[in-house]
Amino acid sequence: MMKQPTSPSRSEFLSRRQFLSTGATFLTAVSVTTGAPHAEAEIKMPDSMLYPGVADEPYGTPSKHEEQVVRLVQGLTAKRTTTWSYSPIHRQRGIITPSGLHFGTHHSGIPDIKPDAHRLYVHGMTQKSLSFSVADLLRYPLTGNIRFLECSGNSWQQGAFAKPAAKTCAELYGLLSGSEWIGVPVRLLLSEAGIDPRASWVIAEGSDSGSLARSIPMSIMNNDAIVALYQNGERLRPAQGYPMRLLLPGIEGNMNIKWLRRLEVTDRPAFTKDESRAYTETLADGSIEGFSLYMGVKSVITHPSAGQVLPDRGYYEVSGLAWSGFGRIRSVEVSDDGGANWRTANLHEPVLDKALTRFSLPWKWTGQEVRLQSRATDERGNVQPGRADWRKVYHAGSVNHYNAIQTWLIDQRGTISNVF
Ligand SMILES: Nc1nc2c(c(=O)[nH]1)N[C@H]1C(S)=C(S)[C@@H](COP(=O)(O)O)O[C@H]1N2
Ligand SMILES: [Mo]
């Protein structure tokens with residue numbers, strides 16, 4: 001259902017053509033910060049044109065003027081070995097997260113692994129046991145793609161608390177990132193070892209002191225799973241699993257084992273601590289859901305979002321991210337009246353399989369209280385649920401796999417807050 005044009009006092013979404021043709025209005029609305037008229041005499045040479053700049057550095061760093069663009073690192077234990085780093089997704093544009101801003105979930109700190117000494121073992125129900133060095137793996141055909149990675153605990157506050165937590169967009173949604181991941185298809189390594197036809201699971205283990213291990217169905221390993229060596233064109237960062245990690249497109253973050261050292265082929269899941277105690281969900285009827293695997297279709301408006309303030313009335317581009325563990329995003333709709341009316345957003349190219357997808361829609365804020373929402377649909381027809389529907393499935397206080405529609409409340413002062 002498309003929103004009908006409303007009276008001038010109402011906030012409204014615009015088509016791109018309308019947006020571009022409202023240039024003059026746009027400039028008057030925000031002339032404080034952009035597009036102010038100038039006198040010719042003002043166009044004098046800046047200092048940067050008078051003296052040469054500094055020498056380049058071997059490895060580049062972000063501008064010192066962007067030092068506020070950082071992750072929020074939260075220690076969950078006294079010694080801060082267990083940490084969550086929330087990615088500043090409200091400052092990101094496009095679909096790639098810079099590697100230094102990738103979210104992080106570390107259960108037992110970030111180990112320092114010497115690449116030359118590290119081995120990946122493939123064993124269990126195989127014809128032979130194999131071990132691979134980093135150098136061995138680099139000789140295989142390297143493939144991969146741009147994918148999202150999301151912790152299944154992302155947005156946990158929305159499930160945990162009865163009242164909406166006063167949190168920013170990054171705290172609520174920042175356990176999410178998008179990268180280009182390149183490595184060796186797992187199926188090549190498994191087939192080289194020769195899989196026993198009765199085998200149906202692979203247990204993957206990391207070489208950190210938490211020895212995180214997860215059982216992964218063989219079908220996923222034989223599909224698009226890779227042992228990733230490169231992230232965004234360079235070797236993995238230590239925090240992302242250097243020198244190698246499992247990258248399972250669309251699958252809950254926890255199963256993407258970092259600092260990967262072992263793939264054990266079996267005919268049953270191991271029920272490790274990480275898949276029996278942690279990383280399970282309590283359903284509404286009290287039963288426990290485990291091996292939840294795929295991340296559900298989800299979206300969030302990042303611009304504008306909680307923690308920000310609209311400085312003025314006038315034109316804004318509403319923009320956000322959508323993703324689904326089941327494939328491509330087919331459409332995203334946005335609403336500024338709490339879901340009464342929906343308007344189809346523009347999807348920015350490229351729209352990729354199991355990757356973050358950027359959407360946007362020009363919008364005018366007239367200073368009234370509004371409730372901004374986005375609702376994503378993936379190519380399989382999965383539609384992002386409303387909060388009430390999500391809560392029908394999961395038990396009160398259940399925290400994992402929260403993917404309900406987010407509502408940002410913008411009050412008359414332009415202050416934006418989380419109202420679930
Ligand atoms: N070995 C190991 N692998 C791990 C973890 C860990 O603590 N140890 N954390 C897991 C969790 S809970 C998530 S969400 C993802 C996060 O990947 P990232 O830190 O690269 O963003 O890695 C997973 N793989
Ligand atoms: Mo996670």
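Modeller: Let me begin with Tyr-140, which is buried at a relative accessible area of 18%; buried means under 20%, exposed means over 50%, and partly exposed is what lies in between, with a 1.4 Å probe and the protein chains only. This is a predicted model, in which local features need pLDDT of at least 70 and side-chain atom pairs count only at pLDDT 80 or more, while totals for chains, interfaces and linings use all residues. Residues are numbered from 1 along each chain as its sequence is written, chains are lettered from A and ligands numbered from 1 in the order in which they are written, and side-chain values use heavy atoms, leaving out hydrogens and water.

A pair of aromatic rings is described by the distance of the centres and the angle of the planes. Rings of Phe, Tyr and Trp (its six-membered ring) pair if their centres lie within 6.5 Å, and planes under 30 degrees apart count as stacked, over 60 as edge-to-face and the rest as tilted. A search of the whole structure gives twelve aromatic pairs. One of them joins Phe-13 and Trp-363, a tilted pair with 6.4 Å from centre to centre and 40 degrees between the planes. Because Phe-13 belongs to strand β1 (residues 12-13) and Trp-363 to strand β22 (residues 357-365), this pair ties together parts that are 350 residues apart in sequence; helices (H or I, at least four residues) and strands (E, at least two) are DSSP runs, numbered from the N terminus. Both Phe-13 and Trp-363 are buried. Tyr-140 has a partner too: its ring centre is 6.1 Å from that of Phe-132 and the planes meet at 70 degrees, so the pair is edge-to-face. Phe-132 is buried as well, with a relative accessible area of 4%. Elsewhere, one aromatic cluster is formed by Trp-84, Tyr-86, Trp-156 and Phe-161.

Rings can also have a charge over them, which requires NZ of Lys or CZ of Arg within 6 Å of the ring centre and within 35 degrees of the ring normal. The charged end of Arg-375 is placed over the ring of Trp-342, 4.2 Å from its centre, and Arg-235 lies over the face of Tyr-230 at 5.8 Å from the ring centre.

In soluble globular proteins, nonpolar side chains tend to be buried together.

Phe-420 is buried at a relative accessible area of 10%, and its phi is positive, near 80 degrees, in a residue other than glycine. Most residues other than glycine have a negative phi, and most peptide bonds are trans. Lys-354 also has a positive phi, of about 55 degrees, although it is not a glycine; Lys-354 lies in the loop between β21 and β22.
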